[in-house]
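Visitor: I would like to take a close look at a single part of this protein, and I would be glad of a connected account of it.

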Amino acid sequence: MPRRSDLGMGAGITRRDFLNGIPLGLGATALPGALGWLTAACSDPGPESAVPDGPYPPALTGMRGAHPGSFEVAHALRDRVRRGEVWDDSGASDGGSFDLVVVGGGISGLAAAFFYRQAMGPDASILVLDNHDDFGGHAKRNEFTHEGRTILAYGGTQSIDSPATFSAEARGLLDDLDVDLELFFTAFDRDLYRSHGLGRAVFFGSEEFGEDRLVGGYGQGAAGAFAAAAPFTDAGRADFRRLFDDPGNPWPDLDDAAAKERLAATSYEAFLTELAMGAEVQAFFRQRTHGLFGMGPDGVPALDLWGLGYPGFDGMGLREGDHARLSLTARPNPTPEPYIFHFPDGNATLARLLVRALIPDAASGTTGEDIVRARLDYRALDRPGASCRIRLNATAVRVRDGAQDASVTYVQDGAQTRVRAGAVVLACYNRVIPFLLPELPEAQREALAYPPKVPLVYSNVLLRNWTAFVNAGASSIYFPGGFHASASLDFPVSIGGYEFSQGPEDLIVLHTVRTPCLPGQSARIQHRAGQAELLRMPFETFERETREQLARALGPSGFDPARDILGLTVNRWPHGYAFETNSLWDPPYAPGEAPHEIGRQPFGRIHVANSDAGAYAYTQAAIDQAHRAVREILAG
């Protein structure tokens, strides 16, 4: 195992406007009786961090996502309400009146503002509030600058997944924003990594498998050949080959429908046990499902993994097609498309396009391509007198529906302001809404509080080159037992004048995924435990674990973390993916009775729009729920 001194923890990495996880300029604020105090780091970071034209959050590195300063007010609100107290906003200043106030500047909130303006005209007054220092919600843009060159990466929402399945409203929004999907068939280089002999690899750690060994070719050939190269025992190799080639049928007496019902009530871990798979196969799959479900196989229904093509089901003779208990993520796609609809900053480009449509002065350009390299002017987001304003670092603490209008009170820089609104869209986390609006009916409060989001971390590592990956023959690495479950070279997309890495000697971003879990517990308990873990974990831990993990996997191929890591951005999302119903613990709800359906009901002038309201952790759900909320407003 590499020594700490060999990892480069003392080496200089790109940390623009970042000290110890706290963005420079985060003011120390006091909110008497609510927050006490917040600590801010204030120091001159040197010329590298000097950003012209005002603040520019995408260039911040270090701890991002739910960054320090973005959640403390909301946590103070939560704690106060749980003590049976009421948030006192009697001293709030008057912030004026708007036709629409949106709480939450993610894709759903921005789409709601867009749909409302589209219906009501350009003179409609709109205010969007967000608790972060950047808009986009989970659709965050990360930028690295090295020797004058800017490298883009996605810090959250990844891609436009299966656009052929989008609703007419979601697809119409893409058209309105001038997103040309056909362009990706040439912009996304599907042959780049393959042309260098790269594929999927697995790093077997000594803690689980007796030795450190990186094995390539996973999923690219016969299971027996991969098993022969892996550090399995003879029994483990036999199990692995049997799982892929001849798993058998553990329940031969069940017909198709009954078998699927049983799979829906059985975790994949338990299903592997039913197939008599030993400890080595169980250990191999321990983190395989983390990136998609935020849990290991102990918390994922076997039926979902049958739908996604995991091994072990071939001997059961199951009929292809949909099934009522399949999660939305696992349901078959009748029009499968290549996974290529990805901007260099992920769906942050969609958020930036929405902002430019709402506030044209914020960015130059007119097309879905030129926004990629456009530098947004954050000073333009909240200009007095503008018909649409986006107010960052502003956390909502109280929402009311009154006789004449609605109101929203928010905290910014320690001061409280109340704005009036003809309508309010709550495009924030569902579980926050009962604290903002305690007057809601109890059944609706319980429904909104039911689903915790899935915690996850997307880290981006700027690398000097990717020659070690070529030497290892790997473009992505799965870690059955690592701190990060996976590490992948970024999607090779060149678009709008932005050029992806031109070859192994060139700069590149490595994307890693971590989802903290509490194996053996229900999904909701696991997610809540993971949220707490992420909020406790300092940036130094992420940096050390990242350096050590890459050194162990790629050191024999020439990787040196002290030399090759140039920058690190940790996108920490304690409240990440929207919660989807899980057939291991959630009943098959009748139409209209699921928690997300009860929770999204309008309350006077107040409406709910977010991916939580669709119980589906995808961009199209965020857009669809925004359109529904605005449709409710217009129906009046």
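In what order do the eight strands of the open sheet lie, and is the pairing parallel, antiparallel or mixed?

Guide: The model is a predicted one, and its pLDDT averages 92 over the protein, with 92% of the residues scoring at least 70. The open sheet consists of eight strands in the order β5-β20-β16-β19-β18-β17-β10-β11, and their pairing is mixed. At its edges are β5 (62-65) and β11 (213-216), each of which pairs on one side only, and from one strand to the next the twist averages 25°. Within the sheet, β10 (residues 199-204) pairs with β17 (residues 474-478) in the parallel sense over four bridges, and Gly-199 stands opposite Ala-474 of β17. Helix α19 (residues 539-554) lies across β5, β10, β11, β16, β17, β18, β19 and β20, and runs at about 115° to β20.

Tyr-56 and Tyr-378 form an edge-to-face pair, 5.9 Å centre to centre with 85° between the planes; because Tyr-56 lies in the loop between β4 and β5 and Tyr-378 in the loop between α14 and β12, the pair ties together parts that are 322 residues apart in sequence. Both Tyr-56 and Tyr-378 are buried. The rings of Tyr-339 and Phe-491 have centres 6.1 Å apart and planes at 50°, so this pair is tilted. Phe-491 lies in the loop between β18 and β19 and Tyr-339 in the loop between α13 and α14, so parts 152 residues apart in sequence are tied together.

Key
Residues numbered from 1 in each chain as written. Predicted model: local features only at pLDDT ≥ 70, side-chain atom pairs only at ≥ 80, totals over all residues. Heavy atoms only, no water. Pairing = 2+ DSSP bridges. Helix = DSSP H or I, 4+ residues; strand = E, 2+ residues; numbered from the N terminus. Axes fitted to C-alpha atoms, helices over the stretch in contact; angles between N-to-C directions. Contact = heavy atoms within 4.5 Å. pLDDT = per-residue confidence, 0-100. Phe/Tyr/Trp six-rings, centres within 6.5 Å; stacked < 30°, edge-to-face > 60°. Buried < 20%, exposed > 50% of the residue type's maximum accessible area, 1.4 Å probe, protein only.
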